[in-house]
Amino acid sequence: MLVLWPALAAAQNPGPRTIHIDTRESTQLSFDLSPDAQWLVIDLLGQLWRLPAAGGDAHALTDAVRDTAQDMDPSWSPDGHWIAFQSDRPAGRGVWLMPASGGGAPRLLVSADDARTWPAWSPDGHRVALIRNGRLAVADVTAGSVRDLTIIGPRSSPREPLWTPDGRRIVFVRGALWQVADTGGVATPVAGPELRVLAPALSRQGSIAFFRRDTLTMRHDLWIADSLGAPPRQVTDEFDTSPVRV
């Protein structure tokens, strides 16, 4: 890396410059797959990108410099028309909605100051689950309203919410995996407390995949269960210490 003192940099390079970056790797990026399984949306360098699921060139959907924003954690709507994402734009920090094609101005759905909100669409496409003020919340996309859920059970703050295929329950991480009704109430464990869960993902058929962190080796391996509450099985045995999203 080349570092120039400000005075020297100004003298040699007056005015703004355009810097081109060519990258093929990222650390802990978030992504989502389109409902037709043809496209990926990822967050990279503070903005959202769309690229073919089979591989290929990525095209920017947002512009971190122009928007003065850091966009992250994209989530594709079930009908494929919208993307929910977290952003700290000047017009508001929280969860935003934008057309999946990238055209049109994004609109703020929910204000939230949390470092991560993890927006997740309900199967019917009418609601978005998220973390707001350290609590699990559900936003109505049409009305623009939001309600916090009261959860009885685990004590630590929830994160990484997901909807069950029937749209009646929300799965979330609090060390282990838990589930609760979409109206709140008593939470029940999905995976045993000995499993330190990261980055869960639910299929439309109800199977669930997640990474488990080994507290002794700090390794992250992929586990899969055929259904919520079913015994999970380990499918990777890696030494990589950096988790990725599934």
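Trainee: Which residue in strand 21 stands opposite alanine 209?

Mentor: Isoleucine 224 stands opposite alanine 209. This is a predicted model, in which local features need pLDDT of at least 70 and side-chain atom pairs count only at pLDDT 80 or more, while totals for chains, interfaces and linings use all residues. Residues are numbered from 1 along each chain as its sequence is written, and side-chain values use heavy atoms, with hydrogens and water left out.

Trainee: How do you know that strand 20 and strand 21 pair?

Mentor: A strand is a DSSP run of E with at least two residues, a helix is a run of H or I with at least four, and both are numbered from the N terminus. Two strands pair if DSSP finds at least two bridges between them. Strand 20 and strand 21 (residues 220-225) have six bridges, in the antiparallel sense, and therefore they meet the condition for pairing. They belong to an open sheet of four strands with the order 19-20-21-22.

Trainee: What makes strand 19 and strand 22 edge strands?

Mentor: Strand 19 and strand 22 (233-234) each pair on one side only.

Trainee: Why is serine 30 called buried?

Mentor: Buried means under 20% relative accessible area, exposed means over 50%, and partly exposed lies in between (1.4 Å probe, protein chains only). Serine 30 has a relative accessible area of 5%, so it is buried. Its place is in the loop between helix 1 (6-12) and strand 1 (31-33).

Trainee: What makes the pair of serine 30 and aspartate 73 a polar contact?

Mentor: A polar contact is a pair of N or O atoms within 3.5 Å; within protein, one must be able to donate a hydrogen and the other to accept it, and residues adjacent in sequence count only if both atoms are side-chain atoms. The side chains of serine 30 and aspartate 73 make such a contact at 2.8 Å.

Trainee: Why is the link between aspartate 182 and arginine 127 called a salt bridge?

Mentor: The term requires a side-chain nitrogen of Lys or Arg within 4 Å of a carboxyl oxygen of Asp or Glu. Here the distance is 2.7 Å, N to O. The pair links distant parts of the chain, 55 residues apart: aspartate 182 is in the loop between strand 16 (176-181) and strand 17 (185-186), and arginine 127 is in strand 10 (residues 127-132). Aspartate 182 has a relative accessible area of 15% and is therefore buried; arginine 127, at 16%, also counts as buried.

Trainee: What other partner does arginine 127 have, and how exposed is aspartate 124?

Mentor: Arginine 127 also meets aspartate 124 in a salt bridge at 3.8 Å, N to O. Aspartate 124 has 40% relative accessibility, so it counts as partly exposed. The structure holds 10 salt bridges.

Trainee: What makes the lining of the largest cavity mainly nonpolar?

Mentor: Ala, Val, Leu, Ile, Met, Phe, Trp, Tyr, Cys and Pro count as nonpolar, Asp, Glu, Lys and Arg as charged, and the others, Gly among them, as polar. The lining has nine nonpolar, two polar and no charged residues; Leu177, Ser227 and Gly229 are among them.

Trainee: How do you know that this space is a cavity?

Mentor: On a 1 Å grid over the protein atoms alone, a cavity is a set of points where a 1.4 Å probe fits but cannot get out, whereas a pocket is an open set with protein on both sides within 12 Å along at least five of seven lines; lining residues have an atom within 4 Å of a point. Grid points are joined across faces, edges and corners, and a volume is the space filled by probe spheres set on the points. The largest cavity holds about 40 Å³ of space.
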